[in-house]
Structure formats: structure tokens, C-alpha cells
Amino acid sequence: MTQTKQVCGLICEYNPFHYGHAYQLKLLKERFSAVVCILGGNISQRGEAAIADRYVRAKAALKSGADLVVELPAPWCCASAREFARGGVFLAKEMGVDCLAFSAESDPDLLRAAGEKRRKSEEIIREMMKMEKTLSYPAAAEKVLGKTLAGKPNDILGIEYIAAAEGFPVYILQREPSFLSSTLIRESKAPLAHLPAASATVFSDDRSFPRITDEVGKYLLSVLRNDPPKAAYGVTEELFARMTEKASRYTEFSKFTEACTNKMYTAARVRRAAWALAFGFPEDLADRTPPYTLLLGANDAGREFLRATAKTRTLPLLTRPGETLDYEEGRLNARINSVLQVFYGGKADVKNTPCLSGGTL
């Protein structure tokens, strides 16, 4: 791949943007002419409220080396690793990038082999879960792949990226373990102290930073207590019964999640299911792809890329949140963001505009 013509896509959350992310972007900018970030929306893949609004996280990315940031909206941003990866890879391809890049804990060659095996073994994993009723999806995948994935979130997503790419070029970086993870930073008492200067400045200007999931979790619990619809993405009858029963006994979302978790249902799955029930994530998400993406920010290189790919892109690239309301998924995101604003403040979502450094589109 040449340094002058190739553009890579990067599926990310920047929850928050830390030193490891800055190091990753530095390496990618040395190899590629531009980096297009597909950023998870205002709920994370782990089923938590993102630590900051998507526009804030996009601005931190642009200040730190990203060239173009577009959104992976709900429900894909708050889905299992499989659907999260499929949605992100789909948007990367639709944006017209030349390859997909990501970092992982394991050796890239071993990960490629695991990803190809994973792509061919979906039915085997599902059958194994039917046979062993207490087996979670990640645990079943570990058995089929013959690879331990616990404690390796980048590997889990990386395998799903490779499986979803189906031959689309993938560039894998080895994760540098010396950097603090997003999880440890979120759990620290002073998250800003662990961020690069450019990122810390952006997040420190956000009055709602850091967003704590237990706050909006009160809303999720209230919905679960009041006869929510049973049909939603990722929610089995057994999980529905478990969650609605526990919701009547707990007032703290984190303790409710812990009470619902067992060998079959991970904490992340329980949290995602709570959002799915509260906002009506479609059951057939696995059969859907994002109908649009929202521009969150761009610099000169990002705008140049948009101009170069304008005639080949077929997926709508929207520039204002209000434009997304023509889509079912856009209205779903608007409902989510209106609830988040009640708990965390900030401007109304429809008033947000892309962060454009260096000029206009």
C-alpha cells in the first residue's frame, strides 16, 4: 500500500480518547494518507452511556490526528461484537476506504486465521449454545475457535471485523499493552489525568464529562418496571423474565446488572438488552445494515476524501442530526439522545453541527 493514495477506515469509540488511541493514529498516519473513523454513537458497545457526547469524542479524535469522523448509530453501536462489527465494516466499505485497520492483543497472523474460521462457524456456535443452555455466545465462540478471548476485547472485535470483512483488506496493528485501557481510565477517579493534552482539553470543556451510566440507568430501570415490550434485539424470553423480575428489586443500574449476570448472560449483554427493551431495538438487527451515516467532523484531508469519493458513495452521508429523522433508526437515536440530554445536559441534539477544522465542506 502506498502512502499517498490509500485511506484506511477505523471502527472506534474513543470512550475516552487516550494515549493508546493517539499512538495508533500516529502509526496509521505514517502509512496511510488519511484515517476515516467510524465512531460509535452515544451508547457504547458494552451497553453503557458513552463517557461523552459523540461530537465531543469526534472533536478529540480530530484534534489528535483523525481526518474524518462519521457515526455508527444505534442500535449497531450498542450491539453484540458481531453486529457492531458488521455495521462498522459496512459503513467503512460504503465510505470508500481502501482497507480496514484495527489493533489487537494477539499476533496478526493468528488473528486472521481465527477470523476466517469464525466467519465459517456461525451455525456451529449457535448449535453449541442450544446444546449447552448455560453457554454464553463468547464462551461458545472460544470453544469453536480454540482460542481464549476473555480479557482480550480487541481480539474479540478483531475476529468479528475479519469475519465481516469477507476478503476486504484488513490492516492489523499490535496493541501496545503499556497504555491504560479505556475501561481503567473510566474507572479512575481522575480520567482527565490519563489523557493526552489535546484530548484532555476537549473533554474538560464538556460539563457532563464523565457520563456515569448509573444515572441514565434509573430511566432504563423505570421502563423495565412498567411492562416493556417483550420483543427486542438480543432479548430471549428467559432474559426478559430475569430482567423484569430483578428490575423491581434494584434501584441502582450497576447492581441490577450484576444481579442479572450469570454464565449465560454477560454484564454487557444485560446492559445492551436494557437499552434494547427501553427503546425498541429491532429484533432483526442481524439482517439490517445502517441506512445512513452522520458526519461528526472533518479536517482538510477528510474533506478532500469526501470530494474524491462523492460520485461513488451510495449511502447517504448526512450533516445534521435533524436529517436523520427521515429514517427509523434516526428517530430511535433521537429518542435516545433526548433522554441522555435530560440526565447529562448539553445542547439539544438537533442543534449539533459537525466539527470542521480548516474550513467548510
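## Cavity, pocket, packing and peptide bonds

Tutor: The largest cavity is lined by R54, E71, P73, Y292, L294, P321, T324, G330, N333, A334, N337 and D349. The model is a predicted one.

Student: How many cavities of 30 Å³ or more are there?

Tutor: A cavity counts here if its volume is 30 Å³ or more. By that rule, the count is 1.

Student: What volume does the largest cavity have?

Tutor: Its lining includes R54, Y292 and D349. The volume of the largest cavity is about 50 Å³.

Student: Which helix gives the most to the lining of the largest cavity?

Tutor: Among the lining residues are G330, N333, A334 and N337. The top contributor spans residues 328-344 and gives 4 residues. That helix is α15.

Student: How do the lining residues of the largest cavity divide into nonpolar, polar and charged?

Tutor: P73, Y292, L294, P321 and A334 are in the lining, and Pro, Tyr, Leu and Ala count as nonpolar. R54, E71 and D349 also line the cavity; Arg, Glu and Asp count as charged. The division is 5 nonpolar, 4 polar and 3 charged.

Student: Turn to the second largest pocket. Which residues lie nearest its centre?

Tutor: This pocket has a volume of about 540 Å³. Its lining holds 24 residues. Nearest the centre are D53, Y55, V56, D206 and N352.

Student: Which element gives the most to the lining of the second largest pocket?

Tutor: Both α2 and α15 supply at least two residues of this lining. The top contributor gives 4 residues. That element is α15.

Student: What is the class make-up of the lining of the second largest pocket?

Tutor: The lining has 24 residues. By class they are 8 nonpolar, 8 polar and 8 charged.

Student: Are α2 and α9 roughly parallel or antiparallel to each other?

Tutor: Their axes lie 8 Å apart, at an angle of about 155 degrees. Angles over 145 degrees count as roughly antiparallel. Therefore α2 and α9 are roughly antiparallel.

Student: Which residues of α9 does α2 meet?

Tutor: α2 passes α9 in a right-handed crossing. From α2, the contact takes V56, R57, K59, A60 and K63. By class, the contact of α2 with α9 has 5 nonpolar, 1 polar and 3 charged residues. The partners in α9 are A198, S199, V202 and F203.

Student: Why are α4 and α7 classed as they are, and what is the class?

Tutor: α4 (residues 108-119) and α7 (residues 153-165) pack at about 60 degrees, with axes 7 Å apart. Angles under 35 degrees count as roughly parallel, and 65 to 115 as roughly perpendicular. An angle between those ranges is left to the remaining class. So α4 and α7 are oblique.

Student: Is the crossing of α4 and α7 left-handed or right-handed?

Tutor: The crossing of α4 and α7 is right-handed. On the α4 side the contact includes L111, R112 and E116, and on the α7 side D155, I159 and E160. The residues of that contact divide into 5 nonpolar, 2 polar and 6 charged. To restate the hand: right-handed.

Student: What is omega for the cis peptide bond that joins A74 and P75?

Tutor: Most peptide bonds are trans. P75 sits in the loop between β3 and α3. The bond joining A74 and P75 is cis, with omega about 5 degrees.

Student: Where is P210 placed?

Tutor: The peptide bond from F209 to P210 is cis, with omega near -5 degrees. P210 is in the loop between α9 and α10.

Student: What is the phi of Y14?

Tutor: Most residues other than glycine have a negative phi. Y14 lies in the loop between β1 and α1. Its phi is positive, near 50 degrees.

Technical notes
Residues are numbered from 1 along each chain as its sequence is written. This is a predicted model: local features need pLDDT of at least 70, side-chain atom pairs count only at pLDDT 80 or more; totals for chains, interfaces and linings use all residues. Side-chain values use heavy atoms; hydrogens and water are left out. On a 1 Å grid over the protein atoms alone, a cavity is a set of points where a 1.4 Å probe fits but cannot get out, and a pocket is an open set with protein on both sides within 12 Å along at least five of seven lines; lining residues have an atom within 4 Å of a point. Grid points are joined across faces, edges and corners, and a volume is the space filled by probe spheres set on the points. Axes are lines fitted to C-alpha atoms, for helices over the stretch in contact, and angles run from 0 to 180 degrees between N-to-C directions. A crossing is left-handed if the near helix is turned anticlockwise from the far one by less than a right angle, and right-handed if clockwise. Contact means heavy atoms within 4.5 Å.
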